[in-house]
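Here is a short tour of one protein chain. Have the sequence and the model open side by side as you read.

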Amino acid sequence: MIRLGYPAYVLLIIGAWKLPGAVVLLIPGTPRLKEWAYAGAFFVFSSAFVSHLAVGDVQGSIWPAIFASLAVASWFLRPASRRLAPVASAQAVQPAKWRSIAYWATIVILGFVLLSGGAGEMLHLWGTVEGTVDHLGYPLYFLTILGIWKILAGITLIVPRFPLLKEWAYAGIVFNLTGAVASHIASGDGIGHFIAPLMFAAVAMFSWWLLPANRLSSPPTRPPAE
């Protein structure tokens, strides 16, 4: 990672996510968390693939590409007991009014943060270079990777349907924001520097918990034996 221009502490952040992700994939049950684990694996390996290409290391990009492909293949091949299934009669389920209002409030907040932040990072605007590159030590090309992921996540949360992609979007948002918090802490910053990403991570988790039935997938009631 250091050879790619990333700060050394990034290895600790990635390792802290990989270990629980591996455990979640190995144990039975927890289909929603398995989506997060697959999402994390794909984000890490695909971003590593692009990072190697960005620094002209074509040979080094081969293994991340292979592992990203394996993550996608495993996701497609996972048995029914490890998949999310649509909630029965989801369209007929009406959430409590407060819950619906709270959910859409979180979507407005997250949508604005992701779309505006993603555009700023892709275009290197609004202090993104000074904050992420100069201060935290990330390579400049990482802003483009991050910006693309954020815009895709923001669109996915706003549009209807695509429940599996929404799980991946929420996972990516939490990974990004908690990674930002960890990066500020590793750089010696005080709470004033990371209170915003911490709050938005909490908003994302609250939004994920509020996800209404017509936008949610859930595990089958009686999953077949593996």
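## Model and confidence

This is a predicted model, in which local features need pLDDT of at least 70, side-chain atom pairs count only at pLDDT 80 or more, and totals for chains, interfaces and linings use all residues. Residues are numbered from 1 along each chain as its sequence is written, and side-chain values use heavy atoms, with hydrogens and water left out.

The mean pLDDT (the predictor's confidence in each residue, from 0 to 100) is 89, and 89% of the residues reach 70 or more. Over residues 218-224 the pLDDT is below 50, and this stretch has 13 contacts (heavy atoms within 4.5 Å) beyond near neighbours in sequence. Where pLDDT is low, the predicted coordinates should not be read in detail.

## Fold

The chain has 8 helices and 2 strands, in the order α-α-α-β-α-α-α-α-α-β from the N terminus. These are DSSP runs numbered from the N terminus: helices are H or I with at least four residues, strands E with at least two.

Of the 226 residues, 41% are buried, meaning under 20% relative accessible area (1.4 Å probe, protein chains only); exposed is over 50%, and partly exposed lies in between. Among contacts with a separation of 6 or more, 74% join residues 24 or more positions apart.

## Surface

By the Shrake-Rupley method with a 1.4 Å probe, the accessible surface comes to about 12100 Å², 75% of it from carbon and sulfur atoms.

Leucine 125 sits in the loop between H4 and helix H5 (128-135) and is partly exposed, at 36% relative accessible area.
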